[in-house]
Amino acid sequence: MAAMVVNRMLKKLETPLLTEGFSRIMFCKDDDDIKQAVDMYCALGPSHSLASGVFGQKSKGPVQSGITKFFKKADTSSVEKSSGTKLTSSERKPGQKNPLSKQENLEAGGTCSMEVEKKLNNMNGNEERSKQIVPADINSSTLAFPSISTADFQFDLERASDIIVDAATEFVQKHDNMRLVLVDLSQKSRILSLVKDKAAKKSIDSSRFFTFVGDITQLHSKGGLQCNAIANAANWRLKPGGGGVNAAIFNAAGEGLQHATKECADTLRPGSSVTVPLPSTSPLRQREGVTHVIHVLGPNMNPMRPDCLKNDYTQGCKILHDAYNSLFENFASIFQSYTGKQNDETSSKKSASRVISPTDSKMKREDSHDSERTKKCKLPPPILTSRQHQERKGTSTLNYHDNTMVPSDAPSQAREEGSKRNGAVTNKSWGSWAQALYEVAMHPEKYKNSNSILEVSDELVVLKDLYPKAKKHVLVISRTDGLDSLADVNKEHLSLLRSMHSVGVKWAQKFVEEDASLIFRLGYHSVPSMRQLHLHVISQDFNSPGLKNKKHWNSFTSVFFLDSLDVMEEIDQHGSAAISSDEKLLAMELRCHRCRSAHPNIPKLKSHISSCKSSFPAHLLKKDKLLSASTFSMDCT
């Protein structure tokens, strides 16, 4: 956009417009004006802001020579002196060529001299400054969101404010360099005052979470607040219309948002959200710099609207908390996918590589199972040089065999077995972002203060999945170095696999004792996204905002997911597990894991499975592959 504006200025002598994405345009007629402008911007502090508009556009006098040289065109008839008289060719100073010929065509703003503007924006709390103090952090990504369900859905403000503060507190403690901003139109907004007071009592960092008064579709142009993403309090059909925030955002973003939304989802369940990238042509993106809209649907207490909960605040509070958690985690995924991509690009250029925290995004990855690999664990990783990696692995050198990093002293037979399983190549190089589980397994003591680690022993680590795909989803990770995946496992590792399975069963039983409705399945991904052998212990409700796309679903419900009991039996009989690495498995249509009915998208699939009472497929009912309350009661008997 900047290049387009500059090229047009060069060729046609047209000045920039506010509608092209600028919030403030200043015209300088001489060097003094330029110096005053520079001094004014240099004096700005983190909490200061400047008014939007066009300034100095009607001031008379010759255009500064440096600017006219930039335009490279001359117009001898339009250059005037400060007194208002015209300059002839003999009177024009060397280098003084063409003024801006279309200054009067700007469509917005006001005029004021540089001195007046400087006074208006001096830093002593001038009454003319109506802007709010905005915490500044150039390294932050910012989400602006309205209060969900408190307007049209009539949710109690006291309860809603408690949930907002709790969810925001949890988020800012878990994620760095991200800001949350609660927005409302009115200075007298009760929800803003409630949240502000409760956040202050909890001593939340006011630079990371704060309230703001303004139109959520004009935060940058009117309020000086730059936001990467904004949340929309949507309806379940994800359609424009109605009133309030939903209508305003769809109107401001243009038709592009409707088309982009339809590509992502058709409907939305209460308590969930969906991220929609704004097309580059969207007026909201061009004018405000908003790159993503996150549609979120909360609980309804209005009997005139669908799915009214009839004042059931037990259920309502749970749904609202889920809605905010889903919204904030989707926002984190946007930011992390961008920073993760940057770090991936720079890590190959540096000898010291950092283990990148996993993300959850739709970005293309170098391997087929792209989304899943980024979501197993997010713990603060240490910086390791390649030498330190070697020392920790207990080897002096590393050999690269078929693009897989293997210790030089590993048996050649093991390396050969790691290259192929049943004709499918399963080995691969691991990106820095895929090393997180390996770091946890090798050095769990560094993460002892993390509430994600549930159990540690000499053989394994039990870890909560940071982006669970169901109500309960944990990983049992082997601590044996050199076991990156099932491709590295043979008969000598059977004892380890049995230990991992036993621990997985133990945690499944613990979860079932807490919630008897849960049913668990234990298994491995054929081609895992994260380095280090790990067993998934996952409940079969799949009720989680972390489950978002086909790859997520099919990686746990197709033959890509290998049951732990089958794996142990195959290795015992054949020395290796039958691994299916066909990428097409992850792109299959969405089918219910119980009745196998097909569904067009994830929201409709989730809606179906929440009420599906069909029996599980016969192959899962054998050998206790599914663990439920009845399984454990029989064991006790």
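I began with cysteine 317, which I found in helix H11 (residues 313–347); helices (H or I, at least four residues) and strands (E, at least two) are DSSP runs, numbered from the N terminus. The model is predicted: local features need pLDDT of at least 70 and side-chain atom pairs count only at pLDDT 80 or more, while totals for chains, interfaces and linings use all residues. Residues are numbered from 1 along each chain as its sequence is written, and side-chain values use heavy atoms, with hydrogens and water left out.

I looked up the exposure of cysteine 317: it is partly exposed, at a relative accessible area of 24% (buried means under 20%, exposed over 50%, partly exposed in between; 1.4 Å probe, protein chains only). Beyond its neighbours within four places in sequence, cysteine 317 contacts Phe155, Arg159 and Ile163 (contact: heavy atoms within 4.5 Å).

I then turned to the largest nonpolar core, which has 37 residues (a set of buried Ala, Val, Leu, Ile, Met, Phe, Trp, Tyr and Cys residues joined through side-chain atoms within 4.5 Å). H11 gives the largest share of this core, 10 residues. Leucine 327, one of the residues with the most contacts inside the core, touches Leu143, Phe145, Ala231, Ser273, Ile294 and Val296, neighbours within four places in sequence aside.

E5 runs parallel to strand E4 (residues 178–184), joined by 5 bridges (strands pair if DSSP finds at least two bridges between them). Valine 181 stands opposite phenylalanine 210 in E5.
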